[in-house]
Amino acid sequence: MSANTGNKKALSKESLTGLAFIAPAVVLLFVFLLVPFVLTIGNSFTNYNILKPGQTEFVGLKNFIKLTRDTVFMKSIVNTFVFVILVVPLQVCLALGLALLINRKLKGISIYRLAFFAPTVLSLVVVSILWSYIYNPNNGLLNSLLGNLGLGPYKFLNDPKTAMACIVVLSAWQGCGFQMMIFLSGLQDIPLYLYEAAEVDGATGFQQFVNITLPGLSNIAVFVSLNIVVSAFQLIIQPMMMTAGGPQNATMTIVYEIYQTGFKYNQMGYGSAMALVFTVMVLIITLVQNKITSKLNED
């Protein structure tokens, strides 16, 4: 047997081994992503009802035309973008601040790291229920604390003006621990000699932060921001558990509206149209983000 034949058999065996390893991921991708996506496209042009699948009819663009007049859906789009705009800078700043705080060689600092990271591993359902008690307008912890300062009481989740802000604070608090660890790894990768040289030159702590720390974390900050944006657009559990989209649809989000339309009101065709529009929106935002990220990396 020639050497070439032996090499071909070895490559063939390696290829089969590689295919065997990626096969489960490919199957899951096909079953839970590609197939639902194709079905969503097909259903968006029908009046498909979960409880009456035999009465499904092709309605063309009727669902999409209806979306343009759906005030709740339009409100959910605005609410989702408001949430993203508010939670991204808040969560990034919290994560960076905590990372700077625990990036110190102090006794017992590992306990603080664990405490700050702990909310990330908690169930969002549990966290939302706990914060609902904190925000309770009658006997909630927050109103009790503010009452001692002569402030309040406030309605918090029961007020359309403050309900979304309350969810933003909760979401930033719950998620910043994970981003904190990412920033911490970035801080520890910045060479110490840069700070030592800056101290010799007489740079203050703030000047070191602006001229050394922030540039050293620029790529990580972009990565963290993109992750938060992607997660923020998927907001559903917090409003579902805390406000049911209210009051006055002030916390209704796109994903929550899609869920209610498809599974609560059984209008799967109309919900699929919403999902398709949402997918296009996220795709456009992702492309813009990739372009901005590429440009920043080039600079």
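Predicted model: local features only at pLDDT ≥ 70, side-chain atom pairs only at ≥ 80, totals over all residues.
**Entry 1. Aromatic pairs**

I began with the rings. A pair of aromatic rings is described by the distance of the centres and the angle of the planes. I looked up the count of aromatic pairs, and the structure holds 9.

One of them is Phe45 with Phe64, a tilted pair at 5.4 Å centre to centre with 50° between the planes. I then asked where the two residues lie. Phe45 is in the loop between α1 (3–43) and α2 (62–67) and Phe64 is in helix α2, so this pair ties together parts that are 19 residues apart in sequence. I noted Phe45 as partly exposed, at a relative accessible area of 24%.

Next I took Phe81 and Phe233. Their rings form an edge-to-face pair, 5.3 Å centre to centre and 85° between the planes. Phe81 belongs to helix α3 (residues 71–102), while Phe233 lies in the loop between α10 (218–232) and α11 (237–242), so the parts tied together here are 152 residues apart in sequence. Are the two partners buried or partly exposed? Phe81 is partly exposed at 32% relative accessibility, and Phe233 is buried at 5%.

I also found a cluster. Trp131, Tyr135, Tyr154, Phe156 and Trp173 form one aromatic cluster.

**Entry 2. A charge over a ring**

I checked Lys66 against Tyr270. The charged end of Lys66 sits over the ring of Tyr270, at 4.4 Å from the ring centre.

**Entry 3. The nonpolar core**

In soluble globular proteins, nonpolar side chains tend to be buried together. I looked up the largest nonpolar core here and found 56 residues in it. Which residues have the most contacts inside this core? I listed Phe83, Val87, Val88, Tyr135, Phe183, Met242 and Ile254. Tyr135 is also a member of the aromatic cluster in my first entry.

I then went through the helices. At least two residues of the core come from each of α3, α5 (124–134), α7 (163–189), α8 (192–200), α10, α12 (254–264) and α13 (268–298).

With neighbours within four places in sequence left aside, Val88 is in contact with Ser225, Ile228 and Val229.

**Entry 4. Cysteines**

I looked for disulfides and the count came to 0. Cys166 is buried, with 6% relative accessible area.

Cys176 is likewise in no disulfide, and its nearest cysteine sulfur is that of Cys93, 11 Å away. I noted Cys176 as buried, at a relative accessible area of 5%.

**Entry 5. The loop between α11 and α12**

Thr243 is found in the loop between α11 and α12. Thr243 is buried, with a relative accessible area of 15%. What joins the side chains of Thr243 and Thr251? I found a polar contact of 2.5 Å. I then listed the contacts of Thr243, leaving aside neighbours within four places in sequence: Leu157, Ile167, Gln238 and Thr251.

I turned to the backbone. The peptide bond from Gly246 to Pro247 is cis, with omega near -10°. Pro247 lies in the loop between α11 and α12.

For Ala244 phi is near 55°, a positive value in a residue other than glycine. Ala244 has its place in the loop between α11 and α12 and is partly exposed at 48% relative accessibility. For Asn249 phi is near 60°, again positive in a residue other than glycine. Asn249 lies in the loop between α11 and α12 and is partly exposed, with a relative accessible area of 30%.

**Entry 6. A distance check**

Last, I looked up Asn227. Asn227 is found in helix α10 and is partly exposed, with a relative accessible area of 28%. How far is Asn227 from Phe278, in sequence and in space? I recorded 51 residues in sequence and 18 Å in space, C-alpha to C-alpha.

Technical notes: Residues numbered from 1 in each chain as written. Heavy atoms only, no water. Phe/Tyr/Trp six-rings, centres within 6.5 Å; stacked < 30°, edge-to-face > 60°. Helix = DSSP H or I, 4+ residues; strand = E, 2+ residues; numbered from the N terminus. Buried < 20%, exposed > 50% of the residue type's maximum accessible area, 1.4 Å probe, protein only. Lys NZ or Arg CZ within 6 Å of the ring centre and 35° of its normal. Core = buried A, V, L, I, M, F, W, Y, C linked by side-chain atoms within 4.5 Å. Contact = heavy atoms within 4.5 Å. Disulfide = S-S within 2.5 Å. Polar contact = N/O pair within 3.5 Å; in protein donor to acceptor, adjacent residues only side chain to side chain.
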